[in-house]
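The following questions and answers examine selected features of one protein model. Please consult the sequence and the structure while reading.

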Amino acid sequence: MVQEILIEVDLDSLEKTSKIMGNISFTIDYHHYFPEQDWSDFVVIILSWWIKSCKGIIISEIGRTYEFDFMDGTPIVLAKKISSDKAELSFYKNSSSKVLFKAECTIKQLRDSLLSTSKKVIRAIDREKWQDDDSEELKDLVNSLEKYPL
C-alpha cells in the first residue's frame, strides 16, 4: 500500500553557524516522524545528498537501493526501487540495527517533496543572505532534479 511520505524542514529552526542547521525529518502518513520531529542536522548538505539519491532512484533499474543519510548521528533510510514508479523506504536507527519500519511511496511523491522542501529552504537562505557553496550546490541540484523526467 502506498503511503504519504514527506520531507519536512522547520524553517523557523534554521540557523547558520559554520553551516546551516535546522530540524529535518521524514514524515510518514502525516503523523510518524523519522528520526524524530525535532531532529537537528545540516539541512542543506542533507537535502543535497538526498536529491542525488532521488536522481539515482529515478534513473536506476528496479531493485537498486540508495541511501538517504543523516549527518548528525546514525539514522539511515534506504530507498529501494520496487517498480518503475514506486520505492520502498526502510528506516534504521543505525547501520547495525534491524529495520524499524518500512513504507512504500511513489517516486514522484518523494521527488516532489524534496523539491518543495528544498525550494523553501533556498528561499529562507536567500532572505537571510546565508548563501555559501553548499546552498549554491543545492540550488543547482534542485534545478537538475526538476528537469529529470519521471
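**Strands, helices and loops**

Q: In which sense do β6 and β7 pair, and over how many bridges?
A: This model is predicted. In it, a hairpin of four residues joins β6 to β7. The pairing of β6 and β7 is antiparallel, and the number of bridges is six.

Q: How many bridges join strand β5 to strand β6?
A: Strand β5 covers residues 65-69 and strand β6 covers residues 76-81, and the two run antiparallel. Glu67 stands opposite Leu78 in β6. The hairpin of β5 and β6 has six residues between the strands, and Gly73 in this hairpin takes a positive phi near 105°. The number of bridges that join β5 to β6 is five.

Q: Is Ser90 buried or exposed?
A: Ser90 is found in strand β7, residues 86-92. Leaving aside neighbours within four places in sequence, Ser90 is in contact with Ile76, Val77, Leu78, Val99, Phe101 and Lys102. A residue counts as buried under 20% relative accessible area. Because the relative accessibility of Ser90 is 6%, Ser90 counts as buried.

Q: At what angle do helix α2 and helix α3 pack?
A: Helix α2 spans residues 107-128 and helix α3 spans residues 133-147, with their axes 10 Å apart. The residues of α2 that meet α3 include Leu114, Val121 and Ile125, and those on the α3 side include Leu138, Val142 and Leu145. The residues of this contact divide into eight nonpolar, two polar and five charged. α2 passes α3 in a left-handed crossing, and the packing angle is about 145°.

Q: Is Lys129 buried or exposed?
A: Lys129 lies in the loop between α2 and α3. Lys129 is not a glycine, yet its phi is positive, at about 60°. Exposed means over 50% relative accessible area. Since Lys129 has 67% relative accessibility, it counts as exposed.

Q: What is the phi of Tyr30?
A: Tyr30 lies in the loop between β2 (20-28) and β3. At 55% relative accessibility, Tyr30 counts as exposed. Most residues other than glycine have a negative phi. Tyr30, however, has a positive phi, near 70°.

Q: Which peptide bond is cis, with omega near -5°?
A: Most peptide bonds are trans. The loop between β3 (32-34) and β4 (40-41) holds Pro35. The cis bond runs from Phe34 to Pro35.

How values were computed
Residues are numbered from 1 along each chain as its sequence is written. This is a predicted model: local features need pLDDT of at least 70, side-chain atom pairs count only at pLDDT 80 or more; totals for chains, interfaces and linings use all residues. Side-chain values use heavy atoms; hydrogens and water are left out. Axes are lines fitted to C-alpha atoms, for helices over the stretch in contact, and angles run from 0 to 180 degrees between N-to-C directions. A crossing is left-handed if the near helix is turned anticlockwise from the far one by less than a right angle, and right-handed if clockwise. Contact means heavy atoms within 4.5 Å. Ala, Val, Leu, Ile, Met, Phe, Trp, Tyr, Cys and Pro count as nonpolar, Asp, Glu, Lys and Arg as charged, and the others, Gly among them, as polar. Buried means under 20% relative accessible area, exposed over 50%, partly exposed in between (1.4 Å probe, protein chains only). Two strands pair if DSSP finds at least two bridges between them.
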